[in-house]
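Before going further with this model, I set down some points to be read beside the coordinates. They are arranged by topic, and each can be checked on its own.

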Amino acid sequence: MPLAHPAHLMFSSDSLLKALYESLPHAVLVVDADRNIVAANAAAQTLFGYAERELTAMRPGQLHAEEAESRDIGETLFPLGTDSGTLHRQVEFRCKDGSVFPAELTVSHIHAESGAPVGLVVMIRDLTEVLAAQAEQLGIERILKTALETISEGFAVYDPDDRLVLCNNAYKEIYAISAPAMQTGRTFESIIRYGLEYGQYPEAGETKEEREQWLQMRLSNHTVPSTPMVQKVAAERWVQVDERVTEDNYRVGLRTDISTLWRVKSEAERLGTMLEGVAQEVYLVNLKDGRILSANRSALENLQYTLEEIRELTPRDINADHSVFDLAEKIAPIIAGSAKVLTIDTEHMRKDGTTYACRVRVERLDTESEPVVMAFAEDITERLAIERSLERKQHEFETLVANLPDFITRSRPDTTLTYVNDHYARFTGLNVDEMVGRRFIDFTPEPLRAGLMDHFASLTLEAPIKTMEQEMVRFDGVRRWYLWSNLMVFDDGAPVELVSVGRDITESREARERIAAQSRELSMRNDALEQFGGVVSHDLKAPLRQIQLFADMIAEDVAAGKTDDLEMYSTHVSERARLLQRMITSLFEYSQLAYQAITRKHFEVTSAITAAWDNLSVNVVESGGRLKDETNAIAYADFDLMTQLLQNLFANSLKYRQDARAPEIRVTSQYADGIVSIIIEDNGIGIDPVYAESIFGVFQRLHRDERTYAGSGIGLSLCRRIAESHGGSIVLDREFRDGARFVVQLPFGRA
Amino acid sequence: MLEPDAAFHLGPEFDNALNRMDFFRLFKALASNFDARYFALIEVGGDETRFDAHGGHSLHNLPDALLDAKGGFSRDEPLLAHVLVSSAARSFDATDVKSPLLEQGGAQSAVSVPLHTVTAKRFALILLCNRERPDHKELALISHEAALVFQRYFDVILSLDSITGLSDREIQIVRWTSEGKTSAEIAIILGLSEHTVNSYIAAILRKLQVVNRAQMVASALRSGMIN
Amino acid sequence: MTGQSAPTPPLILLVDDDPTEQLILKRKLQSVDGPKIDLEYVPDIGQAVERVSAGGIDLIFLDNRLIPNNDFRETAPLLRQAGFVGPIGIISSDISGAYFREFREFGVDFRMGKDEIDGNAISFIISEYTRDQLSETCAEDFL
């Protein structure tokens, strides 16, 4: 359609130019020197929305969106000058429908053949889409940049020539010392060298050679990255270095701060070494993610896991007793930090599914950054078994205590009972509950209380246990003797508890008293025996010594030719010799009878009296003595010894008769309280009560003149010996005045 | 049984010995054990010109005829002089030594045993034996037995000096003495013999280290034993 | 020290229930060297007390076992109660009893076995207990 008006053009044109003009995607306007639009191509018509005739009726300034811009451009171009070049700027135009669009404006001068400017060619390129695309591009870049800044990891990109393309702040922050060198375009090596120089890499070494070596290693890792590596960048800071090579040979580096993890790990390793040999199972658990960081050998062996396997597990995995919820609840105080230590009894499950009881002591270790939990687990299977066995033993012990014949009490030092066993309670007639809480001193008879309290007060830390014997009254009034062992328990030097055990010693005490009584009697008998020995020694020595002296005197007198006293001396010698013989005979009899074994039997006393009397028949006839036997008793004794006893008494009665009177002997008997009494009385000269005891001594004579009494002095002594060997006695009745009366008492039957 | 036991003086009576009489019996038994009828334990201290058989702690059974007029011996008596020059026992034969004691005692031989107390008092024990002179073996036995009995004599009788404090009986006697009672009166009061009372007083004087009854009472008052 | 110059010979009282002992002791006294010693005899403690009360006794030999008394502990004090302050010696065939150690508590001065008695023992006793009595003021040498 514009081709219909080429004739209007004042310059020659060819067909190519015209085709270009019409088919150009950009709008083209032709403006004359008077600022009139003289032509507009199809693109212009489409762009502005005006028909060609509408455009040709308009001036170019009317198409601008901005008045100031329109004026400015107009003043720049008009009036047309010869030196005016091409104008190129971005402006905004308004379409017929009022919409505004950005465009790139290119204005060229049209010159006449004379060189004078005659018009302008205005080319307008719609920039709407271009600018939109540009804006979109910018937005994406901004988002990327922000994104890079927001990630905590350090990020850097190096181009194929190993120059820094970009890095984020985290990267600079990680390599804080090297940061000033991190400028786009600097090579990786120069940045590293800068860092080395200023001490960015503590692990690089001290000497130049070490650093160079480290650098070469670092560069080779960088050039050909393999697995991630850990790099120390400050005293307490470790980063993990991940590097990749892109398809177009860029190097992308990622730096992750793993200081906490690394520190925990190193602590765990240190702890691990220490705890490796510990018999208890030890686990280190990261409180943040719940993973087991480490476990010692005991734990691994018992659980049957390897260290690698267990590092994949959490405490929940090995816990067989608690539900996840229960465990969480239990462990909550540790996680919350409100408790530092917890002890949990639970069961652990081995890899093979078996379980064992264990007591876990959980301790929170607050390290600088992340808290860790150290758990000590003790396999308490055995301990539980021991505890169960202890419980069983305790039960057995309690049963034993309850059934012991001994009294067992526990009380406070003031004797307030805290425990009594059944046996003691039964003894008092109260039940256990009635006794506990009462003071046992109140159960003690009043007169004994002060002594008992003194006894308790005498218990000291050095000598906390003492025994005492105490007579106790049972609820029914029966008296028993108890041996109490009292133990005072001290705490911090002060008495806190009294433990008393009382044992019934009634029988043994009685036995002891019997023995004491027996030994007293034995001792008495020994004294008597010693006296007997002394008497015998004395009385036998006397006549012997005299015999020798008289013999010496006879010898001296014979030597001196003196004869007056010889007869008297020899008479003395004969007398003494006879006396000696009699004494020896008596002693022999005595020893035979006195120490003869006793053979007891029951017999009528009368039978022994008859036998004794018959034995003395010669004396009876000589003295004219008479016997009145009025006994009716049965004796339980040795018949022969009793006969001897009676015979000795009868013999005395026959001997110690009053000159004018025939001896008369009367024997009676009595029985009372298990004792048979035999009373022998005569009508003789009697015995002065002063001598009531001494007559029973060996060789005791009451009458010096042996022509009156030819006794051996041993008869009564033998009587007493016989009576005592039967557990009985013989005494002289001191009251009897009409002669002598002896009372023999014998226990009837076994005592 | 009739004869004293051979070691009577070393038997129970050794331990039972309480007074001079008892030691007389022990020494007599010792002597007769070696056929000595006479013995004499004589104190030989000082530089006197004679030995006193009656004074001090001497003990003997010599008849008066064997002593001089003053109840002692001349310093020339060889049996006693021996202990001044020797510390070992020696036996003498009557024919070898000119000893008036041996000769007048009618003995065949004699033994002289030097003895001394830990307080350095010197004694001689003389035995006049009716037998041949004891040989060295017997001499050793005699010395030994003499030393034992003498030590006991010292312990019981002579060493009162070292005993401190008075017995109840001694205090009774001091008390009565302080009230002006004579020994005879005190003997009646306490049921003792006058001799025993005097023995107690002698012991008290030695214990209190005083020389007469007045000093005894004063010392006892001072020390509060009586008041 | 003075020699014995008593105008009358010392008088010993023998208390023994065996009269034979008198005979024996009399014979032994004859063998004592030196001046004469007189002897009196009583057979029991009752007569002894009577005799002592009459005075003139210088020394008593007391038999340990006087029938019916047990031993000297019963008899010696009776003599003291009678006012006798002279020496008392217990004589016995056997003096081994432990109670003999207490003799001084019963007013006894010495004890002696009957077989130990001979002439010079008696001389010693006379000398020790009847001569050289301690003076009232000069006792320091005496034991």
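1. The crossing of α6(B) and α9(B) is left-handed. This is a predicted model, and the geometry that follows should be read as computed from it. Helix α6 of chain B covers residues 168–178 and helix α9 of chain B covers residues 213–222, and their axes come within 10 Å and cross at roughly 110 degrees. An angle from 65 to 115 degrees counts as roughly perpendicular, and α6(B) and α9(B) are therefore roughly perpendicular to each other. On the α6(B) side the meeting residues are V174(B), T177(B) and S178(B), and they face R213(B), M216(B), V217(B) and A220(B) in α9(B). Sorted by class, this contact holds four nonpolar, two polar and one charged residues.

2. Helix α2 (residues 45–54) and helix α3 (residues 72–81) of chain C have axes that come within 9 Å and cross at roughly 20 degrees. Because angles under 35 degrees count as roughly parallel, α2(C) and α3(C) are described as roughly parallel to each other. The crossing in which α2(C) passes α3(C) is right-handed. I45(C), A48(C), V49(C) and V52(C) come from α2(C), and they meet T75(C), L78(C) and L79(C) from α3(C). The residues of this contact are six nonpolar and one polar, with no charged residue among them.

3. Which residues touch the most other members of the largest nonpolar core? They are L125(B), I126(B) and L127(B), in a core of 105 residues. The element that gives the most to this core is helix α2 of chain B (residues 20–33), with eight residues. As general background, nonpolar side chains tend to be buried together in soluble globular proteins.

4. The surroundings of L125(B) deserve a look of their own. When its neighbours within four places in sequence are left aside, L125(B) is in contact with F39(B), L41(B), V113(B), L115(B), A146(B) and F150(B).

5. For chain C as a whole, the order of elements along the sequence is β-α-β-α-β-α-β-β-α, with four helices and five strands. Of its 143 residues, 43% are buried. If one takes the contacts in chain C between residues at least 6 apart in sequence, 69% of them join residues at least 24 apart.

6. How many residues of chain C are in contact with chain B? There are 37, and they are in contact with 39 residues of chain B. The elements α3, β5 (110–113) and α4 (119–129) of chain C each supply at least two residues to the side that touches chain B, and α4(C) gives the most, with six residues. That side of chain C is made up of 15 nonpolar, ten polar and twelve charged residues.

7. Chain A contains 23 helices and 27 strands, and 24% of its 751 residues count as buried. Among its contacts with a separation of 6 or more, 46% are between residues 24 or more positions apart.

8. Is helix α23 of chain A buried or exposed? Nine of the eleven residues of this helix (residues 715–725) are buried, so α23(A) is largely enclosed by the rest of the structure. Just after α23(A), G727(A) takes a positive phi of about 75 degrees.

9. Most residues other than glycine have a negative phi. N249(A), however, has a positive phi near 65 degrees, and it lies in the loop between β9 (237–245) and β10 (251–257) of chain A. Q304(A), which is not a glycine, has a positive phi of about 70 degrees, and its place is the loop between α10 (297–303) and α11 (307–310) of chain A. N249(A) counts as exposed because it has 11 C-beta neighbours inside 10 Å, and Q304(A), with 12 such neighbours inside 10 Å, counts as exposed.

Definitions and conventions. Residues numbered from 1 in each chain as written. Chains lettered and ligands numbered in written order. Predicted model: local features only at pLDDT ≥ 70, side-chain atom pairs only at ≥ 80, totals over all residues. Core = buried A, V, L, I, M, F, W, Y, C linked by C-beta atoms within 7 Å. Buried ≥ 20, exposed ≤ 12 C-beta atoms within 10 Å, placed from the backbone. Contact = placed C-beta atoms within 7 Å. Axes fitted to C-alpha atoms, helices over the stretch in contact; angles between N-to-C directions. Parallel < 35°, antiparallel > 145°, perpendicular 65-115°, else oblique. Left-handed = near helix turned anticlockwise from the far one by under 90°. Nonpolar A, V, L, I, M, F, W, Y, C, P; charged D, E, K, R; others polar.
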